[in-house]
Amino acid sequence: MKKIFFIAIAVFGLTATSCSEELMETYAPGALVEDTAIQTADDLQLFLNGTYSTLTSRSQSEFVSIFTDEVGIGFENGGQGINDDYVFFLNPQADGPDNIWAVNYFTIAKTNRILQLADKLKPTTAVDINKINKIKAEALVLRAYCHLTIQSYFTTDMKNPTALAGIISNKIYGIDDNDYPRNTNAEFYAFIHNNLDQAITLFNGLTPSAFSNIYASKTFAQGLKARAYAYAGDYTNAETWANTVISTSGLSLANYAQYPSVFLNETNAQNVEVIFKLKRTAPQNAQATNLHNAWYNGAPSIAGAPWFEVSRALFNKLNTSDTRYRTLVNPNSVIDPGYATSIDVRNSDRLLINKHGGTLTAGAAPWAGTGTNGNNNDIKTMRLSEMYLIRAEARVAAADLPGAATALKALRDSRYATAQALPVLTNATAAWKAILDERRIEFAFEGYRFIDLKRLGTLANSGIDRDPADYQSATANYPSGNPANLPLNSYKWALPIPSSETNVNSAVQQNPGY
């Protein structure tokens, strides 16, 4: 982490990409001296734009989809994932955990620098004061988000206050400032909520402006509080903040017609569904960084050489009347009703991933492209549907199963063309299972499934459930053990602290099992 922090300090002004539609370039000073590099609120704004871009990594969506049960082996798979993530192989050198750790701590390093620089600037106009306070608020929200992400993946138990999380970072680190132990979950949650509370206070004092889902906002801060409280198992507060977002944000759930536009072509309105997303521009489109190339060699189509496809286990849970079906499954897929007995299921059953940049029209080219200046999907970080599902969790925790069913129905009504029946939840386990299943469909290929199984799997008595077609020998030649399942009591639900950290930090504690 300290090595990452120092690199971030050394190159903080050299980022060449931006998440802002209005400010399409970031600050690139000729000298790496903060007193000369950042002198105005506009300079700091450009630095913040570059900070957003450091978060635009697909590492969570990619790792989670392959490690859990969201994907099956694609008919063009040439060995991708088969030696590691797909067979649950994890060690401190693994790419998935290392990318999650590095991306988030690199972003934290930049937010720490922004907050320090903001306090050094001496604005003289009301406009500049407002701009700097907005920058500080956004940086605080991003810092809280990154800490919560680190905590959720690397702690052994999100609900245990004394379990270790990551390392809290709230300052600028020198190159030799290396050795820090991990903080507890209680310390992480306190730090996260303190950052979010500070941010909300700053947002409340700003000159009102139109909501934009490509910037960290008050609504995103409120949603993060709901998420953090849910992760901690504090459902009283989680529900309070989820309800606040639902009732005051001005956002609405995407309906049957609107939902595909959120993921396929980025045409959804600002007041529909998306609380916060990481903006990706066409010039930022590259095979190593865009979303669809996590699963395809080329564009998201049958000609795009899919390495991975929609898993049979996930596909079998989809309803063709649900708008999420057409969003998840490419219309050019080849669906084999007899897949279970097929002697060549890998070629007879081609379930193409459609969600990021695909198409609704059979025979049509996908929206997203591969390569510079092709269409490039934004990374959805928080959506309104999560707040309804947190409300459902809170109702189950309060032994209010009808309330949980009502929250689920509200979401399902928006995803079908007609109103849906009230779910029948016979007991708490069934209710948790219904919520987990709904989250599986709603957030597929968005990077949620690992954390959802980690925190809800035992309550729902439900874990990874790959279909035999997703792992049989006819699908791929696996080099090691049966990749059908990972028990919920496995130590691998807490990711290993990467060797890139342990090699330079003698005080950090590794997670059990590694």
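Visitor: What is the mean pLDDT of the chain?

Guide: This is a predicted model. Of the chain's residues, 91% reach a pLDDT of 70 or more. The mean pLDDT of the chain is 91.

Visitor: Which helix gives the most to the lining of the largest pocket?

Guide: The largest pocket holds about 490 Å³ of space. Helices H6 (126-154), H7 (185-204) and H8 (218-232) each supply at least two residues of its lining. With three residues, the one that gives the most is H8.

Visitor: How many residues of the lining of the largest pocket are polar?

Guide: The lining has 19 residues, and those nearest the centre are Phe 203, Ser 209, Phe 211, Ser 217 and Lys 218. Seven of the lining residues are nonpolar and two are charged. The polar ones number 10.

Visitor: How much space lies in the second largest pocket, and which residues are closest to its centre?

Guide: The space in this pocket is about 390 Å³. Its lining counts 21 residues. Closest to the centre are Glu 62, Asp 85, Asp 95, Gly 96 and Asn 99.

Visitor: Which helix gives the most to the lining of the second largest pocket?

Guide: Two elements give two or more residues to this lining: helix H4 (59-67) and helix H5 (95-120). The lining as a whole divides into eight nonpolar, eight polar and five charged residues. With four residues, the top contributor is H4.

Visitor: How many of the nine residues of H4 are buried?

Guide: Buried means under 20% relative accessible area. Among the H4 residues that are buried are Ser 59, Phe 63 and Phe 67. What covers the buried residues includes strand E1 (71-73), H5, H6, strand E3 (308-310) and helix H17 (449-460). H4 is mostly covered, and its buried count is eight.

Visitor: Why is strand E2 largely enclosed by the rest of the structure?

Guide: E2 spans residues 274-278. It is largely enclosed because of how many of its five residues are buried: five.

Visitor: Which residue in E4 is the bridge partner of Val 274?

Guide: E2 pairs with strand E4 (residues 379-383). The pairing is antiparallel and runs over four bridges. In E4, the partner of Val 274 is Arg 383.

Conventions:
Residues numbered from 1 in each chain as written. Predicted model: local features only at pLDDT ≥ 70, side-chain atom pairs only at ≥ 80, totals over all residues. Heavy atoms only, no water. 1 Å grid on protein atoms, 1.4 Å probe; cavity = no way out; pocket = protein on both sides within 12 Å on 5 of 7 lines; lining within 4 Å. Points joined across faces, edges and corners; volume = space filled by probe spheres on them. Nonpolar A, V, L, I, M, F, W, Y, C, P; charged D, E, K, R; others polar. pLDDT = per-residue confidence, 0-100. Buried < 20%, exposed > 50% of the residue type's maximum accessible area, 1.4 Å probe, protein only. Pairing = 2+ DSSP bridges. Contact = heavy atoms within 4.5 Å.
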